[in-house]
Amino acid sequence: MRLLSKVFIGALYLSGVPLLCRSPAKFNLATMSSSSSKYEPGTHSVAFVTTPDENSAKKLAHLLLNQKLAACINIVPQITSIYDWDGKISEDSEVLMMIKTRTSRVDEICKLVRDNHSYSVAEVISLPIENGNPPYMEWLSKSVPDKT
């Protein structure tokens, strides 16, 4: 399963529910822009963080939003993570946070998560946003100040 592709953005399934399925051939967001400014690919990112439960995710989400490090955070319950830890295969139920932010703020998100997460090694990974709905991208820019 691929999450992102230049040819086709595949379906992302979590708990059997498709979250995203768009084909750029059918939905060219660049031509749908109502804005006069052009989006600079990679200006924003989506960061992924896993937590042991929904309460932990909500706590982190509120901290991130209050510090203006994120514009929007989706909390996806009931994912299953299977991973190698200390030479042993483990399987746990977790919650996934999808954090929309500026790429320039990802390091600050990592620090906040490390300082406030119950895991000794918290997952914080990010992917750049290459394109998106122009009004949404503008709102994201206004909601998360650039790193000064």
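These exercises work through strands, helices, salt bridges and surface of the structure above.

The model is predicted: local features need pLDDT of at least 70, side-chain atom pairs count only at pLDDT 80 or more, and totals for chains, interfaces and linings use all residues. Residues are numbered from 1 along each chain as its sequence is written, and side-chain values use heavy atoms, with hydrogens and water left out.

**Exercise 1. Describe the hairpin of β4 and β5.**

Step 1. Strands (E, at least two residues) and helices (H or I, at least four) are DSSP runs, numbered from the N terminus. Two strands pair if DSSP finds at least two bridges between them.

Step 2. Locate the strands. β4 covers residues 72-85 and β5 covers residues 88-102. They run antiparallel, joined by 12 bridges.

Step 3. Ile 89 in β5 stands opposite Asp 84.

Step 4. Inspect the turn. Two residues lie between the strands, and Asp 86 takes a positive phi near 55 degrees.

**Exercise 2. Which residues make the nonpolar surface patch of about 290 Å²?**

Step 1. Apply the rule. Patch residues have over 30% relative accessible area and no salt bridge; nonpolar side chains (Val, Leu, Ile, Met, Phe, Trp, Tyr) are joined within 5 Å, like charges within 9 Å. Areas come from the Shrake-Rupley method with a 1.4 Å probe, and for residues only the protein chains shown count as cover.

Step 2. Name the members. They are Tyr 83, Trp 85 and Val 121.

Step 3. Look at one member. Trp 85 sits in strand β4. Its relative accessible area is 41%, so Trp 85 is partly exposed (buried is under 20%, exposed over 50%, partly exposed in between).

**Exercise 3. How many salt bridges are there, by the rule used here?**

Step 1. State the rule. A side-chain nitrogen of Lys or Arg must be within 4 Å of a carboxyl oxygen of Asp or Glu.

Step 2. Count. There are three.

Step 3. Take Glu 54 and Lys 58. Their closest N and O atoms are 3.7 Å apart. Both lie in helix α1 (residues 54-66), four residues apart, so about one helical turn separates them.

Step 4. Take Asp 115 and Lys 111. The N to O distance is 2.6 Å. This pair is four residues apart in helix α2 (residues 106-116).

Step 5. Take Glu 108 and Arg 105. Here N to O is 2.5 Å. Arg 105 is buried at 10% relative accessible area, whereas Glu 108 is partly exposed at 27%.

Technical notes
Buried means under 20% relative accessible area, exposed over 50%, partly exposed in between (1.4 Å probe, protein chains only).
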